Amino acid sequence: MRFLTAGESHGPQLAVIIEGYPAGVQVSADAINRDLQRRQRGYGRGGRMKVETDRVTIGAGVRHGKTLGSPILLTVSNRDWVRWEKVMSPETAGGAGENPEILGDDRLDRVAAKVTVPRPGHADLAGVLKYGFADARNILERSSARETAMRVAAGALARLLLKEFGITVGSYVQSIGGIESNALGVPTPEEQAFIEESPLRCLDPDLENRMMVAIDGAKERGDSLGGTFVVYATGVPVGLGSHVHWDRRIDGRLAGAIMSIPAIKGVEFGLGFEAAKRWGSLVHDPIEWTEAGGFRRPTNNAGGVEGGMTNGEPLLIRVAMKPIPTLYSPLPSVDLDTLQATQASVERSDICAVPAAAVVGEAMTAWVLAEALLEKFSGDNLDDLKQAFAAYQQRLQMGDKGA
Ligand SMILES: Cc1cc2nc3c(=O)[nH]c(=O)nc-3n(C[C@H](O)[C@H](O)[C@H](O)COP(=O)(O)O)c2cc1C
């Protein structure tokens, strides 16, 4: 299974094509929209969120609510396109130089059509040098995290497939700007309900308040904040991924997928970096077996992965996001036209997007797990997959490990 996204941040639409998704899975635009909306929420988001009300159109691969096994096309139209048509038109030149978005006095809503001053912390400078452009808009339109909307759409389909096998994926924010809880585990159902309502996808109201104050402070200073979030998955069977080859190890694949999210700078499994400080006896999870429950682990310091395979415990991945690089009090940069020192351009921007990044982290995790599930229980349709899955579960229950 694979997916390919296309679309510029202010272009007419975003698209994703998903190939290899099995036939016979019940899917709906509503289920995808639910995740798209979860990505759009969050305290500290910028002006763009006011105009983004993402709604997906299913353009191919689904009939009467069920997947056909053929490539699935999902698109999201840019509701702000009319304002950007000249600047971003695929047909005509001539928009560059005009300012498409002076919507009022709010400086959050001002952007320049042609961007000649690269923003530190962005793809702008390396991109214009690599691709030979004088206008960094040609880079930033695609490097923008707006693209992650389509990853979330693909992830929503992955999530629907995983649900058929009792696998769920969720997330919560653990820290923002150094204000942190040390929670690392699967939240209780009550906590999960709180997280979904929380503007910061946070577990704890006190923490949430302190984080909001920090975000307000950053906004006043024209600054930004990052943080950490946890992605967890429950119901994951033993044996997704493999120890036999580097590119089949599930931790490597998950880490790569999550690190590919813009602004993500670190990924840890279970205890992660903390494990490097401890005795081995205080890190590795003992193995137990009972007649009723089979194999179990009293601790989950490994975060659900051993030897490049899921080990049947919940997956626990902690992810670090850097502060948003666009600053309303911009850092020094250089004008590409004049080579004179100046301040970086300001593109309408979030102050903090950790909660949204957590939803993207869920999507990438769901995607990699769904891919690995299809590899292990390969089948063209859901029934075939379920049969293979049931046979495997039965073998594990009977304690038959083969020759
Ligand atoms: C959900 C999400 C929203 C983001 N929103 C913004 C934003 O509004 N402004 C900004 O400058 N960067 C934003 N970023 C981060 C940049 O896209 C990212 O830092 C930049 O493309 C450079 O990539 P790198 O940080 O991986 O090197 C966001 C990232 C994510 C995951």
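Predicted model: local features only at pLDDT ≥ 70, side-chain atom pairs only at ≥ 80, totals over all residues.
Let me start at isoleucine 287, which sits in the loop between β10 (264–269) and β11 (288–290), where helices (H or I, at least four residues) and strands (E, at least two) are DSSP runs numbered from the N terminus. Residues are numbered from 1 along each chain as its sequence is written, and side-chain values use heavy atoms, with hydrogens and water left out.

Isoleucine 287 has a relative accessible area of 62% and therefore counts as exposed; the word buried stands for under 20% relative accessible area, exposed for over 50%, and partly exposed for what is in between, with a 1.4 Å probe and protein chains only. Together with Trp289 and Phe295, Ile287 makes a nonpolar surface patch of about 410 Å². Patches are made of residues with over 30% relative accessible area and no salt bridge, like charges being joined within 9 Å and nonpolar side chains (Val, Leu, Ile, Met, Phe, Trp, Tyr) within 5 Å. Accessible areas come from the Shrake-Rupley method with a 1.4 Å probe, and for residues only the protein chains shown count as cover.

Let me turn to the ligand. It is surrounded by 18 residues, and the closest are His122, Lys322, Thr326, Ser349 and Asp350, where a residue is near a molecule or strand if one of its heavy atoms lies within 4 Å of it. An N or O atom in the side chain of serine 349 is 2.7 Å from a nitrogen atom of the ligand, and the side chain of lysine 265 has an N or O atom 3.3 Å from an oxygen atom of the ligand. Serine 143 takes part through its backbone, an N or O atom of which lies 3.4 Å from a ligand oxygen atom. Taken alone, the ligand exposes 630 Å², and the protein buries 86% of that.

Next comes arginine 137, which is found in helix α5 (residues 137–143) and, at 3% relative accessibility, counts as buried. What does its side chain meet? The side chain of arginine 137 makes a polar contact with the side chain of glutamate 141 at 2.7 Å, and a polar atom of the arginine 137 side chain lies 2.6 Å from the backbone oxygen of alanine 113. A polar contact here is a pair of N or O atoms within 3.5 Å; within protein, one must be able to donate a hydrogen and the other to accept it, and residues adjacent in sequence count only if both atoms are side-chain atoms.

The 23 residues of helix α10 (residues 354–376) should span 33 Å at 1.5 Å a residue, and the end C-alpha atoms are 33 Å apart, which agrees; the expected span is 1.5 Å times one less than the number of residues. Of the 23 residues of α10, 21 are buried, so this helix is largely enclosed by the rest of the structure. Helix α1 (residues 29–40), with twelve residues, should span 16 Å, and its end C-alpha atoms are 16 Å apart, in agreement. Among the buried residues of α1 are Ile32, Asn33, Asp35 and Leu36, and just after α1, glycine 42 takes a positive phi of about 130°.

I will finish with the salt bridges, of which the structure holds 28, each being a side-chain nitrogen of Lys or Arg within 4 Å of a carboxyl oxygen of Asp or Glu. Glutamate 196, partly exposed with a relative accessible area of 26%, meets arginine 201 in a salt bridge of 2.8 Å, N to O. Arginine 201 also forms a salt bridge with glutamate 362, the closest N and O atoms being 3.3 Å apart. Arginine 201 lies in the loop between α7 and α8 (205–220) and glutamate 362 in helix α10, so the pair ties together parts that are 161 residues apart in sequence. Both arginine 201 and glutamate 362 are buried. These residues belong to a network of salt bridges that links Arg34, Asp35, Arg38, Arg159, Glu196, Arg201 and Glu362.

Which of the two partners is buried, and which is partly exposed? Glutamate 375 is partly exposed, at a relative accessible area of 48%, whereas arginine 253, at 17%, is buried.
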